[in-house]
Amino acid sequence: MTVIIETKNVSKSYGGVVANKDISISVESGGITGLIGPNGSGKTTLFNSIVGYHPIDSGTIQFENQEISKKPVQEIARLGLLRTFQQTRIYGEMNCVENMLISLPHRKMTMREIFSRNNRADYEQADRLLEFVGLYEKRFLQSGSLSFGQQKLLEFAMALMNEPTCLLLDEPTAGINPTLINGLIDRLKRANSEFGITLFIIEHNMRVIMNMADQIYCLAHGELLASGPPSAIQSDQRVIDAYLGAH
Amino acid sequence: MKYLKIPFYLALMAFIVAAPFLFPAFKTQLATLWLMIIVALTWDMTGGQMGYNSLGNIFFYGTGMYVCAIVGIGIAFNVGEYTNASGGGIYTFTDAQYFGGVLLGCLAAGLFCSLMAVLVGFITFGLRGPYFAIGTLGVAIAAGELVSNWEWVGAGQGIAMPVYPYDLETGKVFFYFLFAGTGVVLFVFLSWLYRTRFGAAINAIRDDEEKAEAMGIHTLRYKLTAWALSAFFVGVAGAISAYQLIHFEPLETAYQTINLGIFMVVCVLLGGKGTLWGPVVGAIVFHVFKEVTWNYLLGWQWVALGALIVVTVVFFQDGIMGWLRVKKPEWFGIRVETSSNDATGAAR
């Protein structure tokens with residue numbers, strides 16, 4: 001398998017707080033990679049560094065063998081590397097279908113396509129993906145009125161609409177009703193296997209991430225603590241200590 | 001609703017064409033009303049649809065006037081000599097020079113203003129919210145001051161444009177139709193534009209620009225395009241005004257930040273931001289209100305206008321069409337079900 005995202009010695013600090021220190025990870029193309037760690041261990045900072053939300057202090061970040069650490073957010077998004085937010089971001093005034101249609105990949109459009117209306121195929125694709133995440137019945141509801149969990153699902157569907165090659169998900173199951181989590185795991189796996197989207201997931205729910213990921217990285221105090229397949233991580237004493245607070 | 005649409009628009013077009021003949025005493029008033037509609041619609045492109053509240057769109061109005069004057073006069077005479085009143089020269093324009101000047105002047109004004117929107121926008125679109133409003137206002141004020149010190153275009157005296165070569169009453173009809181034609185073209189253009197993917201993208205920028213960026217939308221490019229399209233029509237409106245008013249000067253007429261520059265915003269707020277008809281309805285209500293108070297409440301007209309602005313901003317933020325859209329969403333083809341979610345409604 002080829003590596004799609006590779007960070008080498010990435011460091012980032014906010015003033016005196018070192019959020020990431022010498023992080024080197026690689027995400028394999030076509031797989032599901034997990035990123036875990038206690039609160040404040042620098043997971044979201046690493047995500048933000050990768051998608052270009054802030055400049056990094058040192059190190060390199062490559063996406064499909066292209067250096068992206070100096071690129072702004074939009075340019076990275078246009079390469080097909082997309083992220084969802086921990087606090088969902090959707091266009092709350094619009095209904096679900098409109099949210100989906102806005103998420104069409106503008107980067108793949110010609111001038112003529114941008115200045116034309118959405119066609120039948122776009123509507124069908126929107127409906128299909130809303131069906132996929134289970135929001136089809138709600139498609140004409142104002143998206144701001146949806147519950148937090150539903151908004152997360154909508155954001156996930158919007159990301160799929162954008163046809164990314166790689167998707168960074170920041171805590172996809174947070175705030176989602178526990179009885180629905182199995183359904184979500186199934187959808188994430190299908191997004192990976194059916195649509196061929198590489199997933200890189202921050203997750204706190206161990207059951208979820210152990211279930212899905214091929215490879216897991218664990219951060220603690222801004223440093224890379226351990227990496228390996230789920231079985232190895234589960235039994236790694238350092239990871240257990242980090243979560244339980246041993247020193 | 002659907003069956004009524006075509007007859008409604010046909011009747012409206014007939015009324016627009018017939019209006020200056022039905023109300024001959026109000027020809028110039030109606031032309032000014034069209035000017036208000038044009039500037040309100042163009043302001044709403046960025047203010048209502050894209051969430052960038054510009055207070056400097058009057059910059060394009062004034063710049064349109066000057067570009068039109070320079071082109072319209074320049075095709076016949078030397079602009080520097082023409083504007084130099086102390087030279088005492090008398091200049092007469094042939095019909096071809098006059099009407100050619102109107103046509104070329106309008107086009108040049110529109111195109112030049114689009115270009116300026118791209119150049120100015122490149123800097124000002126780095127600003128958000130109130131900073132954008134103040135930044136663009138600064139551009140308009142600075143431009144007015146610069147032009148009022150520029151001898152070649154008449155400095156503070158402004159420019160006296162050539163006069164309509166025939167009967168002045170037909171001239172009024174001529175300018176009415178120039179404004180009305182521009183307004184109708186603009187309205188049709190916008191009703192198309194807002195339904196395209198481009199329209200959806202600028203709405204996305206309004207609702208959450210950071211999200212739009214994260215989804216890979218070329219936000220800056222879209223913002224510049226929207227403002228350039230808007231500036232084109234403001235520039236054309238300014239160009240027509242230049243010929244209609246015959247004489248204009250930089251600070252009170254061309255770059256009139258405190259009059260038309262604010263009126264266009266009030267029209268949109270009154271009619272409803274982010275709606276197609278809102279700016280039109282707002283411009284009509286505002287213009288009638290303004291003219292009535294200017295006639296019957298003279299001395300108190302600014303107070304009345306200020307009260308209207310305060311009432312709109314404080315109690316009526318969605319404006320007339322915004323209020324209607326909430327009450328009668330089906331009239332707008334909006335399909336939003338408002339039934340509350342049941343607890344089990346998430347993913348199944």
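A salt bridge is taken here as a side-chain nitrogen of Lys or Arg within 4 Å of a carboxyl oxygen of Asp or Glu. In the predicted model described here, Arg238(A) forms such a bridge with Asp236(A), the closest N and O atoms lying 3.0 Å apart. The two partners fall into separate classes of accessibility, since Arg238(A) is partly exposed at 46% relative accessibility, whereas Asp236(A), at 17%, counts as buried. Over all chains, the count by this rule comes to 16 salt bridges.

Within chain B, a salt bridge is found between Glu209(B) and Arg128(B), with 3.1 Å separating the closest N and O atoms. Glu209(B) belongs to helix α9 of chain B and Arg128(B) to the loop between α5 (95–124) and α6 (129–147) of that chain, so the pair ties together parts that are 81 residues apart in sequence. Of these two residues, Glu209(B) is buried, with a relative accessible area of 8%, while Arg128(B) is partly exposed at 41%.

The contact between the two chains was examined next. Here 36 residues of chain B are in contact with 44 residues of chain A, and the two chains bury about 3700 Å² between them, with 54% of that area on carbon and sulfur atoms. Between chain B and chain A the model contains 16 residue pairs in polar contact, counted where both residues have a pLDDT of 80 or more. On the side of chain B that touches chain A, at least two residues are supplied by each of α7 (168–193), α8 (197–207), α9 and α10 (219–245) of chain B. The greatest contribution to this side comes from α8(B), which gives seven residues. By residue class, the side of chain B that touches chain A comprises 15 nonpolar, 10 polar and 11 charged residues.

Four salt bridges are counted between chain B and chain A. One pairing across the two chains is that of Glu155(A) with Lys211(B), whose closest N and O atoms are 3.3 Å apart. The side chains of Arg89(A) and Glu210(B) likewise meet in a salt bridge, with an N to O distance of 3.4 Å. Because Arg89(A) is placed in the loop between β6 (81–83) and α3 (96–102) of chain A, and Glu210(B) in helix α9 (residues 209–214) of chain B, this pair joins two chains. Both residues are partly exposed, Arg89(A) with a relative accessible area of 23% and Glu210(B) with one of 33%. Arg89(A) and Glu210(B) are also linked with Asp208(B) in a network of salt bridges. In general, side chains of opposite charge can pair when their charged atoms come close.

With its neighbours within four places in sequence left aside, Thr196(B) is in contact with Ile114(A), Phe115(A), Ser116(A) and Arg117(A). Thr196(B) is buried, its relative accessible area being 1%, and a polar atom of the Thr196(B) side chain lies 3.3 Å from the backbone nitrogen of Phe198(B).

With regard to cysteines, the structure holds zero disulfides over all chains. Cys113(B), accordingly, is in no disulfide, and the nearest cysteine sulfur, that of Cys68(B), is 10 Å away. Cys113(B) is buried, with a relative accessible area of 0%, and Cys166(A) likewise counts as buried at 0% relative accessibility.

Backbone geometry was considered last. Most residues other than glycine have a negative phi. His221(A), although not a glycine, has a positive phi of about 55°; this residue is found in the loop between β9 (215–220) and β10 (223–228) of chain A and, at 72% relative accessibility, counts as exposed. In chain B, a positive phi near 70° occurs at Ile246(B), again a residue other than glycine. Ile246(B) has its place in the loop between α10 and β2 (247–248) of chain B and is partly exposed, with a relative accessibility of 30%.

Key: Residues are numbered from 1 along each chain as its sequence is written. Chains are lettered from A and ligands numbered from 1 in the order in which they are written. Side-chain values use heavy atoms; hydrogens and water are left out. Helices (H or I, at least four residues) and strands (E, at least two) are DSSP runs, numbered from the N terminus. Buried means under 20% relative accessible area, exposed over 50%, partly exposed in between (1.4 Å probe, protein chains only). A disulfide is a pair of cysteine sulfur atoms within 2.5 Å. Contact means heavy atoms within 4.5 Å. Buried area is the accessible area (1.4 Å probe) that two parts lose on being put together, summed over both. A polar contact is a pair of N or O atoms within 3.5 Å; within protein, one must be able to donate a hydrogen and the other to accept it, and residues adjacent in sequence count only if both atoms are side-chain atoms. Ala, Val, Leu, Ile, Met, Phe, Trp, Tyr, Cys and Pro count as nonpolar, Asp, Glu, Lys and Arg as charged, and the others, Gly among them, as polar.
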